[in-house]
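Welcome! Take a look at the sequence and the structure first.

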Amino acid sequence: MRSYQEELKYLDRVNDHCWHIKKGFVENMNVDGYFFANSHLEKLMFDELRQSCNNKGFGGFLPGMKQIANVAALPGIVGKSIGLPDVHSGYGFAIGNMAAFDMSNSKAVVSPGGVGFDINCGVRLLRTNLHRRDVEPLQEQLAQCLFDHIPVGVGSKGIIPMTAQNLEEALEMGVDWSLREGYAWAEDKEHCEEYGRMLQADPSKVSSRAKKRGLPQLGTLGAGNHYAEIQVVEEIYDQYAAKKMGIEFKDQVCVMIHSGSRGMGHQVATDALVAMEKAMKRDEIGVNDRQLACAHIQSTEGQDYLKGMAAAANYAWVNRSSMTFLSRQAFAKMFKTTPDDLDMHVIYDVSHNIAKVEEHFIDGKQKTLLVHRKGSTRAFPPHHPLIPVDYQLTGQPVLIGGTMGTCSYVLTGTEQGMMETFGTTCHGAGRALSRAKSRRNLDYTDVLNALNQKGISIRVASPKLVMEEAPESYKNVTDVVDTCHAAGISKKCIKLRPIAVIKG
Amino acid sequence: MFNYMTTDYSRVEMKYVYQIEVSGEDMLSLLYHFLDEFLFFFSAEPFFIPRVVQITEFDTEEFKIKARGFGEPFDIHKHPQGTEVKAITYSNMQVHEESEKHDIFVIIDI
């Protein structure tokens, strides 16, 4: 075991917002690691490393820097392993980590650890034509109404009627299923990554265990850091792009939904992890961390995972679409009008736990890559063929959910991000304290009072654990977003502030 | 793990017994499957939350465990909701058997 001082020799500052992790920091690194951080954020990263050195490896988390480096040691990785500004210790991959693998290299791998357990966890933003003034008198009732409509928290069950046959179709069709069943609008599709449907999805590659977990949970928010928030526009940095998104004025009311594929995705990931452990022995693939289990992309296990992952991704879109439907209903009921008249369109829907086949340029040559984004968001630049026509001139909207009670942001993708980070940027605030530390240091009544004082209505299924999601437990989202902006990997467009939070 | 999914574990009554049987390739995978099996039956039918888990057979050579949980179905109207455990992970999983009291580290995804 190296000491903290010895570890530091492998770390170099590139500039004010980027650090370099040199080969040798962990064994077998094929490429270098990089992570983005400003002076506040880098402190947290170094703290993680110091803590792990002090523990001498006995228990605890692996520091994010080590995880970025372990990813750099995976077979077939190209370019670099990148930590975005919200990066922190995760499982296998760090959370806020991205890595691309060369599809033309037969040794290149796909790793479920590079997607995460919550496959296609993501954020969706709806706009309304309401002003804060319209909502204020009804704020508490509206929060309650939303809470009554959307099932939240551990053990809650979906209210949208589902049969096993429906589930098969939903896994195959994604948002198209929601559209057919009348839960989504035709325009919603256009504003989702992949148009809300991954075509390689194959429900037969999803185990019956996963389907059993998925069936009762469709249309539920979940727990942990998932939420639905009513937000108002606090600041517009880019008038033109905001207008394209239908954001016209300050204090315009929006709804943000952060959720994923629930137990369905968790089980698909677990199943793949177990299957790949066996395949690794057969194909003699070595990795630094058992949670980084992987398989050659073209192997049966690799292909099965990608098809199952796509089905779970479709489930996540159906899930977010179902909650969009419920939110629209809740608003329509409270304002005694229709969602149409409230102009409740989807601005965009991003996926921040996913692996995708994409075209990128490496040393001037076009390559087909399998891009893993774990806790990081695709941020394609203007004119990219895969972004909707409405955003061709602005770049892809990137939705950055803050933490409970703090701001959220909308960014747009940039050309520089396309070149430096494979068109990837941050996904949120990123944890700063472990959950255990949050529980020790904070009191849940203080956290609830603080929200109350800020004028934020809160409805939460597990108030006693609310300190785990308190702003103090997370990195400052503004630091994270400013670092992305300063590094040029995405551009600030809109800042939103919550007025009501619904949580598990 | 289950003490985390409800904030008042004492409300879980031991109404019936649920048996599981798992095997692994080594000690870590056995530990993984043992936890994952109970998590699965919490997350799907019968939504079982155990109050007490008793290991009835533990084969450390063939890596097999038989265990039974004493508990009841999780009910959000009866059990105050905690937060959800999504999955068991292998991340930095450790089993230390040197001392008399063994130490086990498992990181779960929440």
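This is a predicted model: local features need pLDDT of at least 70, side-chain atom pairs count only at pLDDT 80 or more; totals for chains, interfaces and linings use all residues.

Residues are numbered from 1 along each chain as its sequence is written, chains are lettered from A and ligands numbered from 1 in the order in which they are written, and side-chain values use heavy atoms, with hydrogens and water left out.

**Cysteines**

- A disulfide is a covalent bond between the sulfur atoms of two cysteines.
- Searching the whole structure turns up 0 disulfides over all chains, where a disulfide is counted as a pair of cysteine sulfur atoms within 2.5 Å.
- Cys407(A) is in no disulfide either, and the nearest cysteine sulfur, that of Cys254(A), is 13 Å away.
- Cys18(A) is buried, at a relative accessible area of 8%, and Cys407(A) is buried too, at 15%.
- Here, buried means under 20% relative accessible area, exposed means over 50%, and partly exposed is in between (1.4 Å probe, protein chains only).

**Where chain A meets chain B**

- Chain A brings 46 residues and chain B 39 residues to the contact, with contact meaning heavy atoms within 4.5 Å.
- About 3600 Å² is buried between the two chains, and carbon and sulfur atoms give 56% of that area; buried area is the accessible area (1.4 Å probe) that two parts lose on being put together, summed over both.
- The interface holds 6 salt bridges, each a side-chain nitrogen of Lys or Arg within 4 Å of a carboxyl oxygen of Asp or Glu.
- One salt bridge joins the side chains of Arg209(A) and Glu37(B), at 3.1 Å from N to O.

**A look at Asn30(A)**

- Asn30(A) sits in the loop between β2 (18-21) and β3 (32-36) of chain A; strands are DSSP runs (E, at least two residues), numbered from the N terminus.
- Asn30(A) is partly exposed, with a relative accessible area of 39%.
- Leaving aside residues up to four places away in sequence, Asn30(A) touches several residues, including Lys23(A), Leu74(A) and Ile77(A).
- A polar atom of the Asn30(A) side chain lies 2.8 Å from the backbone oxygen of Leu74(A).
- Asn30(A) and Ala487(A) are 457 residues apart in sequence, and their C-alpha atoms are 25 Å apart in space.

Methods
Helices (H or I, at least four residues) and strands (E, at least two) are DSSP runs, numbered from the N terminus. A polar contact is a pair of N or O atoms within 3.5 Å; within protein, one must be able to donate a hydrogen and the other to accept it, and residues adjacent in sequence count only if both atoms are side-chain atoms.
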